[in-house]
Amino acid sequence: MTKKRKRNIVIIVVFGVIVAWQFGLFNRFNYLTAKIAIMRDNPRMIIVGEADSCGQPCIDLRAKYGFEEKHFGYKATGAQLRGINDYNYEIENHLIKRNGEGWKEKYEAELAELKAN
């Protein structure tokens with residue numbers, strides 16, 4: 001292999017790694033892990049920030065709509081946030097197919113009703 005060919009391969013690999021890192025592929029939550037969670041029938045919505053302490057009624061409501069919530073915490077890097085956004089986007093598309101259009105509004109209305117009680 002010539003020096004020029006080796007250099008080109010290194011440039012392509014480094015570029016690929018940078019792109020993968022920017023899209024959050026080296027983080028726990030990303031596009032690929034969303035597809036795996038859907039295949040395993042274990043979709044979770046990832047929440048960055050404060051945890052909602054609604055208790056068992058909210059857990060049952062989420063189970064009714066076919067997902068769980070996982071709280072990531074307060075601190076996330078830009079790459080982690082991009083990975084989480086990609087993950088949540090794929091999970092939401094799956095839930096639209098499962099529950100139909102407008103499922104999120106129904107879920108939020110039922111959630112608000114639970115929290116009011």
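Buried means under 20% relative accessible area, exposed means over 50%, and partly exposed is in between (1.4 Å probe, protein chains only). I needed that before looking up Gly83, which counts as buried at 0% relative accessibility.

**Entry 1: ground rules**

I am working with a predicted model, where local features need pLDDT of at least 70, side-chain atom pairs count only at pLDDT 80 or more, and totals for chains, interfaces and linings use all residues. I count residues from 1 along each chain as its sequence is written, and side-chain values use heavy atoms, with hydrogens and water left out.

**Entry 2: helix α4**

I took helices and strands as DSSP runs numbered from the N terminus (helices: H or I, at least four residues; strands: E, at least two). Helix α4 covers residues 78-99, which makes 22 residues. How far does α4 reach from its first C-alpha to its last? I read 31 Å, close to the 32 Å expected at 1.5 Å a residue. The expected span is 1.5 Å times one less than the number of residues.

Next I listed the buried residues of α4. They are Ala79, Gly83, Ile84, Tyr87, Asn88, Glu90, Ile91, His94 and Leu95. I looked down the helix axis: these residues fall within an arc of 165°, so they line one face of α4. The arc is that of the directions from the helix axis to the C-beta atoms. I noted a general point here: an α-helix has 3.6 residues a turn, so residues three or four places apart point the same way.

Which exposed residues sit on the face of α4 turned away from its buried side? I found Tyr89 and Lys97 there.

Then I asked what covers the buried residues of α4. The cover includes α1 (3-22), α2 (31-39), β1 (44-48), α3 (56-65), β2 (68-73) and α5 (103-116). Contact means heavy atoms within 4.5 Å.

I came back to Gly83, which is found in helix α4. Gly83 and Trp21 are 62 residues apart in sequence, yet their C-alpha atoms are 9.2 Å apart in space. Just after α4, I noted that Gly100 takes a positive phi of about 90°.

In α2, I found Thr33, Ala34 and Ala37 buried. Seen down the axis of α2, its buried residues fall within an arc of 105°, so they line one face of the helix. Their cover includes α4.

I moved on to Asp41, in the loop between α2 and β1. Asp41 is not a glycine, but its phi is positive, about 55°. Is Asp41 buried or exposed? Asp41 is exposed, with a relative accessible area of 60%.

**Entry 3: salt bridges**

I used this rule: a side-chain nitrogen of Lys or Arg within 4 Å of a carboxyl oxygen of Asp or Glu. Side chains of opposite charge can pair when their charged atoms come close. How many salt bridges does a search of the whole structure find? I got 4.

One of them joins the side chains of Lys35 and Glu90, at 3.2 Å from N to O. This pair links distant parts of the chain, with Lys35 in helix α2 and Glu90 in helix α4, 55 residues apart. Lys35 is partly exposed at 33% relative accessibility, whereas Glu90 is buried at 12%.

I also found Lys64 bridged to Glu110, with the closest N and O atoms 3.1 Å apart. Lys64 lies in helix α3 and Glu110 in helix α5, so the pair ties together parts that are 46 residues apart in sequence. Glu110 is partly exposed, with a relative accessible area of 26%.

Glu69 and Arg62 meet in a salt bridge too, at 3.3 Å from N to O. Glu69 is partly exposed at 25% relative accessibility. Arg62 is buried, with a relative accessible area of 8%.

**Entry 4: Tyr65**

I found Tyr65 in helix α3. Its relative accessible area is 7%, so Tyr65 is buried. What does Tyr65 touch, not counting residues up to four places away in sequence? I listed Leu95, Arg98, Asn99, Trp103, Lys106, Tyr107 and Glu110. The C-alpha atoms of Tyr65 and Tyr107 are separated by 7.5 Å, and these residues are 42 apart along the chain.
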